Amino acid sequence: MIAPGIKRGTAELAVLSVLEDGPLHGYEMARRIEEQTQGALRFTLASLYPLLYGLEKRGWVSGAWETGQTGRRRRCYRLTPLGRKKLKPIREEWEELFRALRRLHKVSHA
Amino acid sequence: MRDWQALVEQRLAALALGPQEKTEVIAEVAAHLEDTCEAMVKQGITEEEAVQRALSQAGNWRELKRKILLAKKRGHIMQKRFRQLWVPGFLTLILSMLFLTVVQRLGLRPRIVSSGPDAISLYMPWLAALPLFGAIGAYISSRAGGSRGTMLFASVFPAVALMGAFLLMFPIGLALEGVTGRHIDFGIVAATLLRDGIGWLVAPGAALLVGGFLAQLLLGARPSSRDAAIG
């Protein structure tokens, strides 16, 4: 079980990463994140949309209404070039943190 | 079929956004809930139960509204602060410094008040013009919807900036002392700052503030002044 505080920190990375593969609407984004993290990261309405709107304000993602194959209109988000640029250092920061934690784990079990 | 649009609209009715933005948020949240509900029904949950679960996923609707508003307005608040404070503040600073340069280039001498080591020099023509610059700053801030506090801060901004520069003299003095090894008497520095502070900070600040107050009086209680993002 991952604590909510840690989850909050990873939310941006999760959303930007899942959008790297292509545009998605909010529900599909939340579903994929949950599926790909095997349920470890779960987005609710209250956590997903404020985050998306914040990312949109910063120009990291852009949203546009699109009509799907079912004829339903959904607001799809895509990663902007700026978002793609920002994703790289965020990902590197987390990777560095995970490496550091792994090292710490090894030291404590040596 | 549930009318998700109506269900969400009811719960997000008080969302303080523009009509189009609000409609889009409601439509988006409604679509999300509809998809969530459909997925649950596909898993074998009854529609009634799925609706309740989907709605409860939003948690506290008031909190959701607050979070959405904060995310949507964040950039707006930054823009407002820029237009209401930084633009008029820096304009007042530039105008007052340009005018001071003109006064000095024209060869006008500062007026010395009192005598001896504690003499205070005042550029009277510059001080006389400062209320006008303060009023300009306050007026521009007011035009951008600045609150009374923001208007006054924009008008006295040059004095605040100068005070920042004056205060920087202490750490710079400490650094110089460390580099050169020469002892700097901070008592003398403080006395100089206090003496020059009257001529360069207190008197100009008061003159700018007078301009800011006058602008407020002349503009009266504009409706935009109540729209306070900051200040």
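The following paragraphs describe the two chains of this predicted model, their secondary structure and the contacts between them.

Chain A contains 4 helices and 3 strands. Read from the N terminus, its elements occur in the order α-β-α-α-β-β-α. The chain has 110 residues, of which 25% count as buried. Of the contacts in chain A between residues at least 6 apart in sequence, 46% connect residues at least 24 apart.

The strands of chain A are linked through E3(A), which spans residues 73–79 and pairs with E1(A), residues 24–25, in the antiparallel sense over 2 bridges. Within this pairing, A:Leu24 has A:Tyr77 of E3(A) as its bridge partner. E3(A) also pairs with E2(A), residues 61–67, again in the antiparallel sense, here over 7 bridges. In E3(A), A:Cys76 stands opposite A:Ala64. E2(A) and E3(A) form a hairpin with 5 residues between the strands, and in this hairpin A:Gly71 adopts a positive phi near 85°. As a general point for reading such strands, side chains in a regular strand alternate between the two faces of the sheet.

Chain B is built from 9 helices and 2 strands. Along the sequence, its pattern is α-α-α-α-β-β-α-α-α-α-α. Of its 231 residues, 30% are buried. Among contacts in chain B between residues at least 6 apart in sequence, 70% join residues at least 24 apart.

One helix of chain B may be examined individually. H8(B) covers residues 169–180, a run of 12 residues, and its first and last C-alpha atoms are 16 Å apart, close to the 16 Å expected at 1.5 Å a residue. The number of buried residues among the 12 of H8(B) is 0, and the helix therefore lies largely in the open. A residue is counted as buried here if 20 or more other C-beta atoms lie within 10 Å of its own. After H8(B) comes B:Gly181, which has a positive phi, near 80°.

The description now turns to the interface. Here 18 residues of chain B are in contact with 12 residues of chain A. On the chain B side, the elements that supply two or more residues are helix H2(B), residues 19–42, and helix H4(B), residues 61–105. H4(B) gives the most to this side, with 9 residues. Classified by residue type, the side of chain B that touches chain A comprises 7 nonpolar, 5 polar and 6 charged residues.

Methods:
Residues numbered from 1 in each chain as written. Chains lettered and ligands numbered in written order. Expected span 1.5 Å × (residues − 1). Contact = placed C-beta atoms within 7 Å. Nonpolar A, V, L, I, M, F, W, Y, C, P; charged D, E, K, R; others polar. Pairing = 2+ DSSP bridges.
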